[in-house]
Amino acid sequence: MKNIALGQFYPARSPIHALDARMKVILSILYIVCTFLCKNVLAFGALALSAVLLILLSRVPMRTILRAIRPILFIMLFTALINLFFTKGETLLWSQQILPFWRIDLHLEGIYSAAFMLVRIVVLILGTSIFLTYTTTPIALTDAIESLLSPLRVIHVPVHEFAMMMTIALRFIPTLSEETEKIMNAQKARGVDFSQGGLIRRAKALIPILIPLFVSAFRRADELATAMECRCYRGGKGRTKMTVSHLHFGDFTALLLVVAFGTGLILLNRYGFGFTMV
Amino acid sequence: MEDILIHAKDLWCSYEEEENSVPVLRGISVDIRRGEYVAILGHNGSGKSTFAKLLNGILIPQSGELTVAGTDLASPDLTDDDIFALRRQVGMVFQNPDNQLVATIVEDDVAFGPENLGVPSAEIRRRVDEALATVGMSKYAKHEPHRLSGGQKQRVAIAGLIAMMPTCMIFDESTAMLDPAGRREVIETFEKLNKEQGITVLTITHYMSEAARADRVIVIDDGRILADGTPREIFADAERLVAAGLDVPQCTALIHALREKGVALEGEPVTLEECADLICRALEGKNG
């Protein structure tokens with residue numbers, strides 16, 4: 001349990017790891033926009049190529065990347081099927097009467113549409129995972145979000161408090177998971193069986209774990225609050241930071257590249273052939 | 001008066017929430033000078049932790065005088081800013097090492113205090129490196145706190161205080177949850193701070209062996225000061241300690257037991273070495 005991984009951060013030295021976390025948040029938003037700019041075969045081809053390039057640049061191994069895709073396989077399959085059979089077009093390839101009132105049509109446009117949607121979903125997930133989860137530590141991400149949202153302080157959004165809560169949550173995930181293990185062992189020693197019985201019985205067996213865990217979490221929270229106050233914490237007011245990150249040349253280059261890529265996609269949309277998405 | 005850091009006179013305190021509550025502290029009067037190394041001894045519920053919590057404004061006394069580092073804590077118009085100023089000077093290390101570390105990386109946690117004080121970035125960096133070096137944790141600057149041992153976590157907590165440059169550190173049973181090795185690490189760290197940097201150290205404990213190392217021992221029982229003096233003076237009166245629900249250090253108990261059996265031993269050993277020396281000399285005298 002001591003080796004519990006926070007998030008899915010993959011430590012490596014790569015140009016993407018080296019980017020400023022704030023820039024990576026912006027880049028991933030822009031990249032999401034890019035996936036929605038594509039309209040035809042050429043543009044989607046370029047998008048898929050860019051995703052492959054990103055994977056290579058990030059030096060995250062393919063096996064780790066594929067793990068990000070696995071949870072959305074069902075959504076991908078579902079979207080593909082819907083697009084395949086429910087897209088109406090001009091070129092009818094195949095038609096089949098299944099029931100008297102239900103006929104399945106397969107249009108060429110359906111195949112295009114399904115392929116486009118698949119590329120879009122995969123690239124969407126890959127892009128955000130590469131920019132955010134795989135190459136940025138959760139704590140850097142929290143700091144980045146705090147920094148990017150800081151203008152909202154003007155309208156009294158508690159940005160600093162939100163970031164502090166995130167940090168503390170991250171800090172206590174391993175501590176509480178260790179504690180859960182301890183409590184489970186203690187309850188097992190008293191004869192509680194967590195692996196037997198149906199769903200309801202198993203859920204009931206969790207109660208003697210959750211109650212002590214909550215009690216302990218509240219006690220910890222109380223002690224932590226006192227300790228923080230003793231270390232002169234009084235919110236974000238008048239607080240400085242040890243590490244102030246600056247945007248470098250590389251960050252602006254990356255921004256320029258992504259913007260240029262988006263513009264390129266718009267241009268490619270004009271020179272397409274075959275099916276064009278609306 | 002300048003070198004008196006903590007001045008308490010007839011201090012009373014009880015927990016307000018409980019109605020008709022019995023006061024936890026009943027008239028504590030004590031003066032602690034700057035640079036002293038004081039152990040506060042007492043069994044569970046004696047009020048020793050309550051006393052510690054008064055010293056940096058976690059609790060507020062009901063009556064009596066209490067001045068810590070120039071801040072009058074018994075004053076009715078005590079402001080949050082006063083307490084903030086006090087806490088810059090008086091740091092506290094708690095019992096559970098897990099519940100006082102805030103950040104996910106050791107050096108970020110050490111930086112937490114100075115960040116709260118609004119120290120400029122470059123200065124924080126310098127203080128953090130220095131503080132980690134002082135407690136011997138520089139190697140672990142980039143580690144995650146949950147992978148450290150209990151003693152190491154407490155040393156990180158101490159570094160977090162050093163980086164705030166306090167004049168006094170209070171250790172509220174900070175060694176109670178540690179194994180013997182971790183306990184030694186922590187004690188050696190604060191003894192070093194006391195000797196080399198002149199930081200006033202108050203350690204609240206129920207370990208006799210720990211109290212025996214201090215320059216001064218204050219025994220609190222039932223909310224009152226039972227005894228106040230050097231470890232030698234305190235442990236000489238074994239009956240009084242037993243009456244307060246405390247044990248005498250093992251070596252003191254051994255010497256007392258030997259004396260009862262009629263072995264002639266002179267002096268009041270406090271540490272293990274002194275005790276061994278005394279017995280050796282007695283044996284040599286017998287044989288020679």
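Two strands are counted as paired if DSSP finds at least two bridges between them. Helices (H or I, at least four residues) and strands (E, at least two) are DSSP runs, numbered from the N terminus. The model is predicted: local features need pLDDT of at least 70, side-chain atom pairs count only at pLDDT 80 or more, and totals for chains, interfaces and linings use all residues. Residues are numbered from 1 along each chain as its sequence is written, chains are lettered from A and ligands numbered from 1 in the order in which they are written, and side-chain values use heavy atoms, with hydrogens and water left out.

The model scores ipTM 0.85 and pTM 0.81. pLDDT is the predictor's confidence in each residue, from 0 to 100. Its average over chain B is 88, and 97% of the residues score at least 70.

Strand β9(B) spans residues 216-221. Burial was assigned from relative accessible area: buried is under 20%, exposed over 50%, and partly exposed in between (1.4 Å probe, protein chains only). Six of the six residues in β9(B) are buried. In a regular strand the side chains alternate between the two faces of the sheet. One side of β9(B) carries Arg216(B), Ile218(B) and Ile220(B), and the other carries Val217(B), Val219(B) and Asp221(B). Both faces are covered.

β9(B) has a parallel partner in strand β3(B), residues 37-41, through four bridges. Within this pair, Ala39(B) is bridged to Val217(B). Strand β10(B), residues 224-229, runs antiparallel to β9(B) and is joined to it by five bridges. Here Ile220(B) faces Ile225(B).

Ser46(B) lies in the loop between β3 and α1 (48-55) of chain B. Its relative accessible area is 1%, so Ser46(B) counts as buried. Contact means heavy atoms within 4.5 Å. Leaving aside neighbours within four places in sequence, Ser46(B) is in contact with Val24(B), Ile220(B), Asp221(B), Asp222(B) and Gly223(B). The side chain of Ser46(B) also reaches the backbone oxygen of His43(B) at 2.8 Å.

Helix α1(B) holds Lys53(B). This lysine is partly exposed because its relative accessibility is 23%. Beyond four places in sequence, Lys53(B) touches Ile58(B), Leu59(B), Met92(B) and Asp172(B). Lys53(B) and Met92(B) are 39 residues apart in sequence, with their C-alpha atoms 8.9 Å apart.

A nonpolar core is a set of buried Ala, Val, Leu, Ile, Met, Phe, Trp, Tyr and Cys residues joined through side-chain atoms within 4.5 Å. The largest core has 53 residues. Among the members that touch the most others are Leu41(B), Val219(B) and Ile158(B). Helix α5(B), residues 150-162, gives the largest share of this core, six residues. Outside four places in sequence, the contacts of Ile158(B) include Val93(B), Met169(B), Phe171(B) and Leu193(B). A second, separate core of 38 residues includes Cys38(A), Ile65(A), Phe116(A) and Met117(A).

A disulfide is a pair of cysteine sulfur atoms within 2.5 Å. The structure holds zero disulfides over all chains. For Cys34(A), the nearest cysteine sulfur belongs to Cys38(A), 7.4 Å away. Cys34(A) is buried, at 2% relative accessibility. For Cys168(B), the nearest cysteine sulfur is that of Cys230(A), at 12 Å. Cys168(B) has a relative accessible area of 0% and is likewise buried.

Methods: Polar contact = N/O pair within 3.5 Å; in protein donor to acceptor, adjacent residues only side chain to side chain.
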